[in-house]
Every structure is written in structure tokens, then in C-alpha cells.
Amino acid sequence: MSANGGNGVPAHARFVSLEGGEGAGKTTVLRALRAALGAGGDEVMCTREPGGTPLAERIRELLLDPGQAPTAPQAELLLVFAARAQHVREVIAPALARGAWVLCDRFTDSSYAYQGAGRGLDPALIAGLERDFVGLRPGLTLLLDVDVARGRARASGRDGAPDRIERERDEFFERVRAAYLARARAEPARVRVIDAAPAAEVVAAAAVAALEDWRRGR
Ligand code: Z5A
């Protein structure tokens, strides 16, 4: 474990998360980060939230199912943390313990952004769940930042109907984006902002450069 992050929850030096709003382009960036981390022969375990274990993937289906609307924000928060509690114990902590890199598509920052700022739940409540049920945070979080209109336009170009959260209004996603940027300002050493507006390859290269800077302690 490395130094404690905000909220007194310890950060792990081999734990990297990727965050951002809809259509930020996490998929291409994850591929590039995985290649960069694995270049020296280290094991790289890629996973995602909500999900990453059979139980957590079932919770993900429930959370994103448009048929489950309306869902109480409190229920949504407890579901994402139920998934995370299982994910950490079954997958993330064991991988870190055997010396692997863990690269996670979303982690607790998403809960502060979506359930905190998006749904209006008290961040202190989220901090308590993070401390008591998770107990771990990434050493590095790369935040892919893109304006809401551009991100939503990209996401709407994909196949398939929008999920329950994607059906939210622009105002919801504006609050999510503002919360992410506020977290980056509050924890600049851990949360590094990547401009996700340019072409996918440019964004991926910037993310890899930020990863290398962090590994060199810059
Ligand atoms: N959630 C939550 O509420 N609380 C929590 O604690 C957690 C999660 C952990 C599922 O996450 C939902 O769970 C998410 C937050 C909530 N809801 N929302 N909205 P997810 O990560 O699976 O879902 P997502 O954020 O909606 O994924 P996404 O829209 O697919 O974003 P992405 O992975 O960053 O985008 P992408 O698939 O890489 O790219 C989307 C499209 O844009 C695709 O067609 C690309 O070809 C295109 N794209 C990507 N990058 C570019 C660039 N640079 N230029 C042009 N086009 C691009």
C-alpha cells in the first residue's frame, strides 16, 4: 500500500482506474494502458465496475436495466457498493496481493460523481461506505474529460438502446462532470485529467504519457 489518499482510505501503487462520463472513450484508452503496463512482462488484470465478478455482473444488469426505473438513489448507491465489496474481495485484492497491476474501468470516484453529484446523495455517506466496505483506492486515476454534448453524441452512435442511467438528462451528466473535475482539483497527484475531445489515438497517447509520468513520480 502507498500513502493514504483522501478520506483516510489507502491507495495501492499498482491499482489504476479510468473514469469519465458517457462516451469519453474509455475502451480505446484501456487497451493502450494495458499494453503499456504489460510491456515489461508484468501481469495486468483488467476489470470493470459495476461488475468484475459473477455477483457484481448480475448487480450491473439490475442497475442498468431501464425496466428498473425509477430506482431510489439510496438503493442505487447500496447496489454499486454491494458490487464493489464483492469485486474488491474476490478479484482486486487477490490480484494486487500476487503483484499484478489492476486496471479498472471505473471505481469509487464514479459513485461520488453519479450517486453523489448526479443523484444528490451526501458525499459523507459515500465516504463512510468507501472506508468501511471498500478500504482501498487507486494510486492513479485517469479522468477522461469531454463536454457532455460531445460525449453523449458519441455514445448515441453505438448500437443498442440507452440503459437506465444513459436515459438521464444533460443536467445530470453536467453535475457528474463537475464532480469529477472537482475531485481532480482536490487530489491532483492521484487524479489526472486527460482531454478526451481529440481523436481516440491522441487521447490514448495522452493517457499513456500521464501513466508514465506518474510511474516516474512526476
Ligand atoms: N456507475 C455508477 O453510477 N456508479 C458507480 O459507482 C459505477 C458506475 C462504478 C456503466 O458504466 C454505468 O454505471 C455508467 C456509470 C454507472 N453510466 N453511465 N452513463 P460504463 O462505464 O459501462 O458505461 P458508460 O460510461 O456509459 O460507457 P461508455 O459510454 O461506453 O463510455 P466509454 O467506455 O468511455 O466510451 P467508449 O465505449 O470507449 O466509446 C463510446 C463511443 O464513442 C464508441 O462508439 C467509440 O468509438 C466512440 N469514441 C470513443 N472515443 C472517441 C474519440 N476520441 N473520438 C470520437 N469517437 C470516440
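Predicted model: local features only at pLDDT ≥ 70, side-chain atom pairs only at ≥ 80, totals over all residues.
Helices here are DSSP runs of H or I with at least four residues, numbered from the N terminus, and a residue is near a molecule if one of its heavy atoms lies within 4 Å of it.

The shell around the ligand is made up of 26 residues. Its largest share comes from α4, which gives four residues. Helix α4 spans 108-118, and α1 (26-38), α2 (54-64) and α3 (73-97) also each supply at least two residues of this shell. Sorted by class, the shell holds 10 nonpolar, six polar and 10 charged residues.

Some of these neighbours can be followed down to single atoms. In the side chain of Lys 26, an N or O atom is 2.6 Å from an oxygen atom of the ligand. Gln 115 also uses its side chain: a polar atom there lies 2.9 Å from a nitrogen atom of the ligand. At Pro 198 the backbone takes part, with an N or O atom 2.8 Å from a nitrogen atom of the ligand. How much of the ligand does the protein bury? Taken alone the ligand exposes 1000 Å², and 82% of that is buried by the protein.

Now let us move on to the second largest pocket, with about 210 Å³ of space. Glu 22 is part of its lining, together with Arg 152, Ala 155, Ser 156 and Arg 158, and with Asp 159, Gly 160, Ala 161, Pro 162, Asp 163 and Glu 166. Three of these lining residues are nonpolar, two are polar and six are charged.

Rolling a probe the size of a water molecule over the atoms shows where empty space is left. Searching the whole structure turns up two cavities of 30 Å³ or more. The largest cavity holds about 130 Å³ of space. Among its 15 lining residues, Gly 21, Glu 22, Val 146, Val 148 and Arg 177 lie nearest its centre. At least two lining residues each come from β4 (137-145), α6 (148-156) and α7 (170-186), and α7 gives the most, with five. Eight of the lining residues are nonpolar, three are polar and four are charged.

The second largest cavity has a volume of about 30 Å³. Its lining is formed by Glu 19, Asp 109, Thr 141, Leu 143, Tyr 180, Arg 183 and Val 191. Here β4 and α7 each supply at least two residues. The lining divides into three nonpolar residues, one polar residue and three charged residues.

Terms used: Residues numbered from 1 in each chain as written. Heavy atoms only, no water. 1 Å grid on protein atoms, 1.4 Å probe; cavity = no way out; pocket = protein on both sides within 12 Å on 5 of 7 lines; lining within 4 Å. Points joined across faces, edges and corners; volume = space filled by probe spheres on them. Nonpolar A, V, L, I, M, F, W, Y, C, P; charged D, E, K, R; others polar. Polar contact = N/O pair within 3.5 Å; in protein donor to acceptor, adjacent residues only side chain to side chain. Areas by Shrake-Rupley, 256 points an atom, 1.4 Å probe, with all protein chains shown as cover.
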